[in-house]
Amino acid sequence: MIKKLLLVFLAIFFITPSLYAQNTVRINGETVEENSALSIFKDELTGGKISFLFKTGEDIEGVEISLDKGRIWREMNAAEGGFLYQYRPLSDKDLFLSFLFKNKEGTLRAYNTFIKIAYQKKRPEEAILALLEKMERFYEQENKQRFMRLFSSKFPSRIKFEQSIQNDFYNYNNIRLDRRVERKIFSSDSKSAIWDVYVERKCNTRTGSSKDASAVIGMRIANESGSWKITGFNNNTVFGSSLLAAEADLTVSSSDISLSGPTVTVTVHNNGDAIARNVKVTFYHKSGGTWVKDGNKTISVIRENSRGTTRYNFSSLCGIYDVKVVVDPANAISESNETNNEAEKSITFSPELTIASSDITNSGTTVSAVVHNNGSVIARSVKVQFYHKSGGSWISDGYNTISSIGAQSQETTSYNFSSLSGTCDIKIVIDPNNTIPETNEDNNEAEKSITFSSTPFLPDLAISSSDITKTATYTVSAVVHNNGSASASSIKVKFYYKVGVNWVAHGSEETIASIAAGAQGTATHDFSSLGPGAQNFKVVVDPSNAISETDETNNESTKTLTLG
Amino acid sequence: MKTLLKFIVLIEIIVFFPPFVLANISGEQDVTVTYYHVEGNTGNSFYPENKVTYLYEGQVDFTRSFLSKELFGSMSYRVTDDRLVDLQDVSLEEFFIGLRKDSFEFLAGDFYSSFSGYSVDNALKGLRLNLGEDDLAHFKLAAGVDTSRWENLWETRCDDSDTRKYVWGFQLGNSFFDKDLKLNLNYGGSLDDKAFLSSGSPQVLVDVVSLDTAYRINDVLSSSFEFAHSFTDADKNLDEVKTKNDYAGKAVLDLNTRNYSLLSLYSRIGSNFNSTSGFTAADLETISFDGAWYAHRNVKLTHYLHLDRDNLSDHLYVTTRQINPGVILGLSLPREVNCDIGFDSRKRYSTDKYTNDETQAYSVNLGKNFQVFYGNIGYTRTVVKDKVDLAQERDVDTITLGLDGDFTIREVIFSWNIAEDINHEDYKEAGKADLFLTHSLGMRADFPSALSIEARVNLSDSDYYSNSLDNNTANYVFSISRCIKDNLTFSVNYDYKDYAYPDGDDNYSETVMTAKAAVRF
């Protein structure tokens, strides 16, 4: 074996062609020159066999033939004045013809003809049509083995493609295909071709629902060692679609962008068939004609045919800005459509000042107004104008200025309509000159009909003799009532005892934190320094008149109690 | 359509009308009448329920001497009302005309240009200029429209599924060191045609430059390389969409000794790389080894290892890897028996753990030449493992049997074949199995009078465990063709296909009968 191979090797590379000038090779009855390349089709064969006849001028005993570059040798039979071998090709293949013959002296000699024969059962167009027919049949029969044999080992990402076909055959039942050849173009040497084939598929899923698909698939087909194989697909959304087409499709549009308080809310849709994880969303605003990146947010999971939401606070922006949202900016998630991941919207970032009639209250002639800022930005120097209606016209009374109202916050301002009495319509206007830009300028004023009472809302602290009691051996308690319409706070209570005809203050004042209108509070004082015995006591509430009251005459009372 | 008809008629006049009659004219004219008939649930069929259609197809090839060069051309056209064949009543299928002499060729019309795998590899309607021979200094220029149909060039109506783009490019190449080194510089460009894009779809512009080489190192070792860089403007009409550039590279080393051959390949195609053809994968790195060891004249060991992965830039959330090793031992046994014993494993897994499956296949195939006929039988056990979707786990037993042969009786050549496929898929989780059976039988007789008769039967039975969608399909084909004269062939074909389902409501059958006359000249 080794000797034969060595001889062939030497013959191929070192022996000059003149040595074989007397050799003749006839293939199917036709003499073929060395270095020839010829194509033989099945319909040219007799009895399905290729006939090789070798003749030489030398006196030789036997000849072997190889059709695969000297790897496998077959004995030739003496016939027709030479040596004959009939080969029956079973499939398309390339044959490389070489001979090994032995002369009378027993010397082995190799003869490489450099003849290449491309055997094809069918002519190129016929062969490719047969290939398509097989592709259709094997796919319908869910025969993965036979189907994948139609594809070249050079088919891009062939391993994944084979897995996707396996998935198809798991997921789809009752597959039926139809095809229509749209274009068939061959290369100049007819060894490769590009065919555009419209393929339509009908099938059922494992749950029984129907699932149709169609596409014009560009198929690149090449003759590889005699067999036509598919070497590439273009625009294929049919074969292997259960895996290859299972991709997420993240989308966002301008309608998915909204301003909610100080934050921009974005809804990202996943219209694909695959789950999307760690979906990064990048926020931009336009400044001076260029997009400025503000920051990122991440949505952990968006399931197939679902959506997810994220929010971003553009705290630094004030005014009208174009905002851009880019989903998966680095294309980190493989999607069936990468072109629908951006959206833009013009958004007004501003305070949103509002006031309603319920925000207006009064105490006596003092009117209080609660001003809200529902916007995304702090409002500064908020002017609040106060009006009252007189004779059908609004008369401006004056204004206050609130230094600032934070975003999503509120502040209260008061104005004293000292000249008004009775019932009057009051109007309060926020930012009357529209100096603060807002998303809504129509909710900045409110009206309310207010009754201005002649008696202002004041407390009325009162104490009587029965309110002064001994609550412990040397402790005197005083219950203070607030009979007014307003609460009172930090109420001082002073305790006295009588020495002779004079009232002497004892100790320091007691303080009641607050007494609401209509309520009461208690102050206690320790008189243990006086010792046991009967004493006259006096209790004075708000001794320094620090609290304005409707009645300042009922603030003290006396009582005799026995200590000890 | 009128424009097209005029065009076809004009070409025919040029070809046939003296004094412009050309020296060598050959071609074929086919007329086919087809009858479709569908019974049962006709909505399931692709065919019309009851219709007769006509189809006329013609091809004219011509060559003649012109200005000391060879003028050549070809035209194929079709007239039909059969929408399963063509959407247009009249269509020009292929057309080209050109001039050539020695190493010069100029062609206008349909052509397929393949400069390299990463650059131009398109079928175009346009112009091509080739100067020089591939193995020597040469220059190739190609420009045209990549679209399926000629009608698309003037029809305003465009089918949604059609695409069209403009493609252009050139190749400049030469060989050195006695042709041991071949070097090509390729450039290609493509631009989507806006008319064929759905509203809102971006118009993509691709420019790609590549350098490909083939170097024969010595008698047993050769190599080839290609490095390509593409520049892709994902939306030509939006300035803010930046051009993305990326590269693709490929290196092949081919060892080919007397007893051993090994083809080693490394390729890397970036995620933003694009060729003009669209046939290349994207974002894929591949390493593969394909070897064959001829251990003995009767023993051949084929082995391979294929690896690939995506997410090359590590910017995707998920990286998926594939590994596919395999080995096939081929034995030539006594009495002309061939035997193949093989193992193949295909594992696929991803970093997010949502893909983790493995398929192992063990196969044995036996073939024997019985002289009168050739027979082969094969058995494959496929084990599908899936750690994520247990429902997919299954053991598949596949048995194939094929017999084919031919014999002659009184100068009549009879060819026949029988094939049997049995596929049993045992799902582990469900504890149930799908069963697929296909049987096919074919017979053909070629008479000395150039009469051929062929009959084929294909029967398949699919039994699914999961639902009641089992089906039985029966396909009967019978055809007769007769070469009436040297250049006139007449054939009749009968094709019947029956689909049967358990509940009977979806059952349907299709009958397609065709009569065809073909004239060659």
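Buried residues make up 24% of the 521 residues in chain B; a residue counts as buried if 20 or more other C-beta atoms lie within 10 Å of its own, as exposed if 12 or fewer do, and as partly exposed in between, with C-beta atoms placed from the backbone. This is a predicted model, where local features need pLDDT of at least 70 and side-chain atom pairs count only at pLDDT 80 or more, while totals for chains, interfaces and linings use all residues. Residues are numbered from 1 along each chain as its sequence is written, and chains are lettered from A and ligands numbered from 1 in the order in which they are written.

Let's stay with chain B for a moment. Chain B has one helix and 26 strands; these are DSSP runs numbered from the N terminus, helices being H or I with at least four residues and strands being E with at least two. Among its contacts between residues at least 6 apart in sequence, 49% join residues at least 24 apart. Two residues are in contact if their C-beta atoms, placed from the backbone, lie within 7 Å.

One residue to look up is Cys483(B), which sits in strand β24 (residues 471–485) of chain B. Is Cys483(B) buried, exposed or partly exposed? Cys483(B) is partly exposed, because 16 other C-beta atoms lie within 10 Å. Leaving out residues up to four places away in sequence, Cys483(B) touches Ala450(B) and Thr489(B). The C-alpha atoms of Cys483(B) and Ser452(B) are 8.7 Å apart, with the two residues 31 places apart along the chain.

Now see where the chains meet. Here 53 residues of chain B are in contact with 57 residues of chain A. On the chain B side, strand β5 (residues 104–114) gives the largest share, four residues.

Moving to chain A, find helix α4 (residues 158–171), which has 14 residues. From first C-alpha to last it reaches 20 Å, close to the 20 Å expected at 1.5 Å a residue; the expected span is 1.5 Å times one less than the number of residues. This helix is mostly covered, with 12 of its 14 residues buried, including Phe161(A), Ile165(A) and Tyr170(A).

Finally, follow some strands of chain A. Strands β12 (residues 192–205) and β13 (residues 213–224) run antiparallel, joined by 10 bridges; two strands pair if DSSP finds at least two bridges between them. Glu200(A) has Ser214(A) in β13(A) as its bridge partner. Next, seven bridges join β13(A) to the antiparallel strand β14 (residues 227–234) of chain A, where Gly232(A) partners Arg220(A).
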